[in-house]
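Hi everyone, thanks for letting me go today.

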Amino acid sequence: VKTNIQSAMSEMEATPDNALFNPSILANVDCSHCSFFVKNGLSPKNPGDGLVLRPLQKADYSGGFITLLSQLTQVGEYTREKFERQFDAMKQAQGVYFIVVIEDTRAGREKLVATATLVVERKFIHGAASRGRIEDVVVLGEYRGLYLGSVLVELLTALSKQLGCYKTTLDCKADKIQFYEKYGFTRESQALMVQRFFD
């Protein structure tokens with residue numbers, strides 16, 4: 001099992017050209033302590049019937065990724081070239097951006113249905129530790145209620161801990177606080193939720 005950013009970066013050196021990071025990083029996340037995964041018999045390799053959980057791919061521009069993000073916020077005008085430039089820049093920043101998607105692979109339904117991002121920020125504090133930040137959690141409207149947000153949040157929280165982050169934070173609206181509290185996040189300020197792994 002990978003336990004820190006350095007080992008994750010060594011895996012990223014073997015990342016397929018089309019993936020933002022090596023898929024084996026997700027496969028190696030220990031979700032045995034994740035309440036939702038355990039309760040429902042799920043894993044990163046089995047996020048649900050007909051669903052595949054994987055890193056963002058360059059081809060996802062035409063697979064609905066921008067449309068999916070637009071259900072969360074304004075994304076602005078995007079050309080394929082602009083998307084690919086941003087994708088390449090994020091990929092070159094190894095060990096920083098972990099954007100995951102859930103894809104429905106069932107016949108006639110092939111599309112991206114959920115996504116979330118883990119950003120790993122290196123720090124000089126806490127013994128040169130890193131802080132994880134979960135962002136851009138969104139589920140396609142017709143797939144809400146299937147707990148895909150739970151799958152993504154628990155997975156990225158576990159990945160953050162496994163990468164050696166001393167804490168993981170996220171910003172959320174007031175009506176989402178109880179959702180994140182179910183997964184171990186606590187309110188440190190009015191708008192910031194945090195889950196500490198060590199001080």
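This is a predicted model: local features need pLDDT of at least 70, side-chain atom pairs count only at pLDDT 80 or more; totals for chains, interfaces and linings use all residues.

The protein chain has an average pLDDT of 86, and 90% of the residues score at least 70. Which elements sit at the two ends of the scale? Helix α1, residues 5–12, has the lowest mean pLDDT, 49, while strand β2, residues 97–104, has the highest, 97. Over residues 9–13 the pLDDT stays under 50, and there the model has 16 contacts beyond four places in sequence.

Next, helix α5, which covers residues 80–92. Which of its residues are buried? They're Phe 83, Phe 87 and Lys 91. If you look down the axis of α5, those buried residues fall within an arc of 65°, so they line one face of the helix. That buried set packs against α4, residues 65–69. Turned away from the buried side, you'll find Arg 85 and Gln 92, both exposed.

Glu 154 is buried, yet it has no salt bridge. How far away is the nearest side chain of opposite charge? That's Lys 182, at 9.8 Å, and a salt bridge would need to be within 4 Å. So what does Glu 154 touch, leaving aside its neighbours within four places in sequence? Its contacts there are Cys 34, Ser 35, Phe 36, Phe 37 and Tyr 183.

Last stop, the backbone. Most residues other than glycine have a negative phi. Here are two that go the other way. His 126, in helix α6, residues 125–128, has a positive phi of about 55°. His 126 is partly exposed, with a relative accessible area of 34%. Then there's Tyr 147, with a positive phi of about 65°. Tyr 147 sits in the loop between β4, residues 130–139, and α7, and is exposed at 51% relative accessible area. One more thing about Tyr 147: Pro 47 is 100 residues away in sequence, but the two are 9.9 Å apart in space, C-alpha to C-alpha.

That's me done, thanks!

Key: Residues are numbered from 1 along each chain as its sequence is written. Side-chain values use heavy atoms; hydrogens and water are left out. Buried means under 20% relative accessible area, exposed over 50%, partly exposed in between (1.4 Å probe, protein chains only). Lys and Arg count as positive and Asp and Glu as negative; His and the chain ends are not counted. Contact means heavy atoms within 4.5 Å. Helices (H or I, at least four residues) and strands (E, at least two) are DSSP runs, numbered from the N terminus. The expected span of a helix is 1.5 Å times one less than its number of residues. The arc is that of the directions from the helix axis to the C-beta atoms. pLDDT is the predictor's confidence in each residue, from 0 to 100.
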